[in-house]
Structures are given as C-alpha cells and as structure tokens.
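Welcome, and please open the structure in your viewer. We will go from stop to stop, selecting as we go.

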Amino acid sequence: MITLHDVAKTYGDVHALGPVDLEIPTGGLTALVGPNGAGKSTMLTIVGRLLSADSGRVTVGGLDVVTSRPRDLAQRLAILRQENHFVARLTVRQLVALGRFPHSQGRITRADEAAIDTALEFLDLVDLQRRFLDELSGGQRQRAYVAMVLAQDTEYVLLDEPLNNLDMQHAVSMMARLRRAADELGKTVVVVVHDINFAAAYADRIIAMTEGQIRYVGTPAEVITTETLTDLFATPVTVVDGPGHPLAVYYRP
Amino acid sequence: MAAPVTGPPPSPTPLAAGSRWRAVTGSYAFRLSAVSAVAVAAAIGILVYGNPAEPGTRGFWIIVESRFASVGTILVVAFCHGIATVIFHTVTNNRILTPSILGFDALYRVIQTALVFFFGAGTLAATDGLGKVALQSLIMIAFASLLYGWLFTGTRASLHLLLLVGVVLGMGFGSLSTFMQRLLTPSEFDILTARLFGNISASDSSYLPWGALVCVAVGAVVWRRRYVLDVVALGRETATSLGVRHQREVMLTLVLVAVLVSVSTSLVGPMTFFGFVVAMLTYQVVGTSAHSRTLPMVVAVAAATLLLAYFVLRHVFYAAGLISVIIEFCGGLIFLVYLLRKGLR
C-alpha cells in the first residue's frame, strides 16, 4: 500500500501540490489523470523519492521514502520518468541488466540473468537486446526503459507518462503490457496518463487531480462520467458507451 | 536520448570468410592487448633506444634506470588524466567537459602560488616534503569539492553555462596566480616555478613513488565502484530509483578527480586537453560505456599515447620538452573540431 499523509510541495510561490492525503491499495493498475499542472507528476515523483516534499510523510509498502535505506527502497519501489537523457552508450541488455543493481550491486548472478531475460521477453525486446539504445526508435527505447524497471522486480512500479511519444500501436501495446504486469506479475502499477480513454480502458482505479488537489478517486465507471470530466478538465466532455469501457469524447464541443 | 554516436556500429553478421578474424579483432580483450602492446613497445623504446653504452654493460643499465623515472612519470600522468576524465564524464553526464577544461589545474596553480605568497618559501621549504605535498593536496581537494560540488549538484545547469563558468574560473585563477607571482621575491618565485612548471623529462622524481601509491589507492576505489558508476551514468533520477545515493557518489567522484589532477599537475604541470583526447579515443575503441571496460582501456590508451609521443619527440625529433605543447596543440584542435561537428550535448 502507498500512503500519503499531509504531503505538500510548492515551487517558489507556485502551489504545486496539496496538502493531500491518499491511500493507493496494493495490486492493480492506478491511473493519475488531470489537466496540465494539476500536480500528477509532482505527486508521483515525491512518492518515487525523486523530489522531496515540503511537508508530510509518504510510505510505500510500509517503508518511509525519505528515511529508509535507498537500497531497501530500490528493492520495493521503481520509478521511471518520461525523460531519460544520458550520454552513456549501452546496449538494451546492458540497460536492463542495470535494473538488477539493487539486488546484485552489479555482479550479475544466474538469477539476475533469468530476471533480465524475463523482462526482455515481457517487453518483446529479445531480438533487440544487442542493439545500442541510440540505434533504436523512440518507442523501442521507451520499451527498453520499462524493461529495466521490470527487471528491478519491485512490488511497486511508478511510471510518469509512459505513453509519451508513442504512436497508437505502441501506446496500446505498452498499456496492455502494464496491465499484464499488474495481473500476471502481481505488481502495483501507478501511471500518469494524459489520454483519459487509456485510463478508462485499462485502469482499475483512477485518481483525478486539479490544481494540486485530489478531486475524485474511484473505478473508471465512477470517474469517467460527463459531469466529472467536464468539471475536471474545464471543457465540455461527453461520455458515451464504448466497446468494453466508457469513452470520453471532447474533440468538438 | 541524446547520446552521440561514438563507437563503431555493430558489425553486420560477418560472412564466413574472415569472420573469425573480425571476431578476434572486434573483441575487447584483443583491443586492450593491442593498445597495451603499443604502450609496452614505446616504453621499451624509451628505455633502450639510442643508448650510447654497450647493451648489457653497467653503463647501459644506469642509463636505462635513469630513464625509468620518465616512464614512471608518464604512466602516473596517463593514469591520472585517463581515469579522472572518464569518471568526471560519468558523474557530470557529458563527454566534452573535462576537469582540466573546467579549471581544476588552474585551481592547483593558484593554491600553490597562494601558499608561497602567504606563508613564504622558507616555511614551505622547512616543512617536510611529503607532509607539504599532502597538505597542498588536501587544500586542493577541499576547494575543488566545494566549488565543483556546488556547480554539479545544484539545480541542473546547462553544459553551455558550465563550460562558460569553467573557462571564466580558469582565467580568473590564472590571473590571480599571475598577480601573486608578481609580488613574490625572485627567490620565492624561483621555488614556485620549479613546482609549477614540471615537465616529463625534468619532473621531481622524489614524489613519483607517492604519486604512484595514490594512483593505486584511487584506482582500487574507482574499480570497486565501477558498477555504481555505471548506474550514476544514467542520471540522478534513474540512479536514485536504483537505490544509489547520487549526490554522495558525485561528491566522492569529484574528490577522487581532484586527487588525481593534483598528483598529475604536481608531477608535470597542467595538460588541458590530454584527458579529453584519450577519453574520446577510449569511447571509440570500446564502444559501450560500461566502466569495467572503459577504465582499463583509458589507462592503456593514455599510456600508449603519451609514451609514443614522448618516444617520437625525444628520439626522433630530439624535442622532449615540447611534449605538452604538442599534445595541447593537437588536443585543442581535436576538441575544437569535435565541438564544431557535434555541438554541445
């Protein structure tokens, strides 16, 4: 379980987040949605201990993200940001192998090799594993990063806009894989998504935010309604019955 | 991802003929041995080539022994610049700026000058040689970690800004040194110059064993942390997610860099572009960024480059004193070409 208690963050005099209280139960796929600047990524990076909150306390699986040993935390919680710029030149397999660092401290064991192979297979990267990252397309590279996070084999996986820069085909297969990671590998997956319909189609739980506050928490059926979305995004949204999940239509008011 | 393409593209599936040969030449072990062989050959060349005495006689060995100091100095300097540049590149997440370009050795010069300026050459000469060097190095390390730690761990600055800051700091330190040197008495200035303008043929070889010892110690620490450095190279956020205390690792690495630069600068004086050139060559030869591969290779490449240059200049052109000048000239040109072609990334 991920709990946030009284967590707040300001950048200069811009009020970015909170104070918020939140509990995300173990298991399943949780989507953070909301307009730009709502504080979704801020909240996710605070939970992922990449950003320190001004006040409040965050625990993930019982571990306080500020005071726990980094290595213990890294065996329970992984976070992937949307931008990963580094100049190091690595093959896909080398990158995914670095995901094992919290467990092996770099000395790859047979168990690590197995976890790396599983992660590569899970993201369909087996054929690309010897390629260098700078030779891949944006979508392939994104998959390689997600494979690294899965190789880390943590109970909790946080992803900040994993669909960014992915085309239709790759976005769908990425969400389907995250769904499988939650269902088959039993992970607690939390993602920030911009496309509300992806949240409607794949999430177990939707947390909707505006202006640094949590406004709605519930299942897609509860949150994806005409009134809620129109209020949330401050733009006229009509929710229609889609195939298998509600569908938000907002392209022409 | 803005990784510059620095290695050879992965070879397409080789044809049957010549495939074994390519597999051998493409292997890391082969490349490392080849570069090391060049270094060893150049070292042997420096030791025995043009020896006026009959081989095997006592005079012959005396001359060889006296040349050992030069080879030792070159090895220490090559080790310092090579390792310092590679780990600096890792923690600053770039492949252009090196400690020297950012003014680490200008900082060394200003500290040396300030010590003579404020305490006088007499006090410095009176204190024990090794203790003095250790103290100077400690001051250097403290300053460098403070200054560059502040630069690299604060809010993420752009490379352009860092380059600018480095150049300005280097110039500032240089002018400060020059200013203090003008106020020194001629005898103090003389003592200072002897410390500042070392070169490979005339380095103070009494510090060489200590320099080598420091290199071995730093080398052991860096080698033990090679996997941590691989993770640090992924940037602050990914490294944190993988359970590495990023800021602590960056500070530790900057301290090690300061140690290496002060050892090298105290032996042979500043060499601004040497580290850049050998690191570039290493990335080309190795292909990947895994530190278990780049660290041994950069030492081999740096040693081969410097030994070969020294051999050619000393025994072919009889201009051993010019080695830093030549390396700076060529290195500077390569740096400029690289900047203009690839831009700051």
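**Stop one: two crossing helices**

Helix 3 of chain B and helix 12 of chain B are roughly perpendicular to each other (the term covers angles of 65 to 115 degrees). Select residues 58-92 and 274-286 of chain B: the two axes cross at roughly 70° and come within 9 Å. Axes here are lines fitted to C-alpha atoms over the stretch in contact, with angles from 0 to 180 degrees between N-to-C directions. Helices (H or I, at least four residues) and strands (E, at least two) are DSSP runs, numbered from the N terminus.

This is a predicted model, where local features need pLDDT of at least 70, side-chain atom pairs need 80 or more, and totals for chains, interfaces and linings use all residues. Residues are numbered from 1 along each chain as its sequence is written, while chains are lettered from A and ligands numbered from 1 in the order written.

**Stop two: where the chains meet**

Now show both chains: 29 residues of chain A are in contact with 28 residues of chain B (contact means C-beta atoms, placed from the backbone, within 7 Å). On the chain A side, helix 2 (70-74), strand 6 (77-80), helix 3 (92-98) and helix 4 (101-104) each give two or more residues. Helix 2 of chain A gives the most, with four residues.

**Stop three: a serine in helix 2 of chain B**

Finally, select B:Ser33, in helix 2 (residues 28-48) of chain B. The C-alpha atoms of B:Ser33 and B:Ala300 are 8.7 Å apart, although 267 residues separate them along the chain.

Methods. Angles under 35 degrees count as roughly parallel, over 145 as roughly antiparallel, 65 to 115 as roughly perpendicular and the rest as oblique. Two residues are in contact if their C-beta atoms, placed from the backbone, lie within 7 Å.
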